Amino acid sequence: MKQASKQDCQLLYDWANNSEVRNNAFNSGVIKWEDHVNWFEHSIKDPNTFIFLGQFNGEDYGQIRFNFENDTYLITYSIALEYRGQGLGSKLINDGLKMLKSIIQKPIRVKALVKTSNIASAKIFKRLGFSSRDDIYENNPVLIFQKNL
């Protein structure tokens, strides 16, 4: 696992605009390149945002982001299309949590908002011991997963 750098902007853009990723996102529209570049350049400098890339056999296979807001780190992640279905979602989240914890070095709370239609992500968070509750977010039924570390 490594921290994202400027060189990863194009890769994250390509992953973010994958049709499955857009379908599971709360804003499902295609992301414009210039909007992504502005967001990415701001995010990698923001002290409240951490973006990590998971690596498997020397290849980047997914990204996980932690945004600190309201005393909680909000998790968002995605797996590259060619690596889906291989159990790497759990690995990415676990490794990302370990990396975040090594940087923060104090007790933290993490949470993820998952559309109820995103069964694969819901299974991963349950398997990793997150508590969950039903809610509505931006007119979408969601599961809110939370865990204290």
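Hi everyone, let's start with aspartate 95, which is partly exposed because its relative accessibility is 22%; buried means under 20% relative accessible area, exposed over 50%, and partly exposed in between, with a 1.4 Å probe and protein chains only. Please keep in mind that this is a predicted model, where local features need pLDDT of at least 70, side-chain atom pairs count only at pLDDT 80 or more, and totals for chains, interfaces and linings use all residues. Residues are numbered from 1 along each chain as its sequence is written, and side-chain values use heavy atoms, leaving out hydrogens and water.

Back to aspartate 95. Its side chain meets that of lysine 91 in a salt bridge, 2.7 Å from N to O; the term means a side-chain nitrogen of Lys or Arg within 4 Å of a carboxyl oxygen of Asp or Glu. Both residues sit in helix α4, four residues apart, or about one turn of the helix. Helices here are DSSP runs of H or I with at least four residues, strands are runs of E with at least two, and numbering goes from the N terminus.

How many salt bridges does the structure hold? There are three. Another joins lysine 2 to aspartate 8, with the closest N and O atoms 3.5 Å apart. Lysine 2 is partly exposed at 27% relative accessibility, whereas aspartate 8 is buried at 5%. Arginine 133 and aspartate 135 also meet through their side chains, at 2.9 Å from N to O.

Now the sheet. It is open, with seven strands in the order β1-β2-β3-β4-β5-β7-β6 and mixed pairing; two strands pair if DSSP finds at least two bridges between them. At the edges are β1 (2–3) and β6 (131–137), each pairing on one side only. Strands β3 (residues 59–69) and β4 (residues 72–79) are antiparallel partners over eight bridges.

Helix α4 lies across β1, β2, β3, β4 and β5 (109–115).

What about the inside? The largest nonpolar core has 36 residues, and Phe66, Ile75, Leu100 and Phe125 have the most contacts inside it. Such a core is a set of buried Ala, Val, Leu, Ile, Met, Phe, Trp, Tyr and Cys residues joined through side-chain atoms within 4.5 Å. Helix α4 (residues 88–104) gives the most to this core, with six residues. Phenylalanine 66 touches residues including Phe50, Ile75 and Leu100, contact meaning heavy atoms within 4.5 Å.

Last stop: valine 30, in the loop between α2 (19–24) and α3 (33–45), is exposed, with a relative accessible area of 67%. Thanks, everyone!

Methods. Axes are lines fitted to C-alpha atoms, for helices over the stretch in contact, and angles run from 0 to 180 degrees between N-to-C directions. Lists of a residue's contacts leave out its neighbours within four places in sequence.
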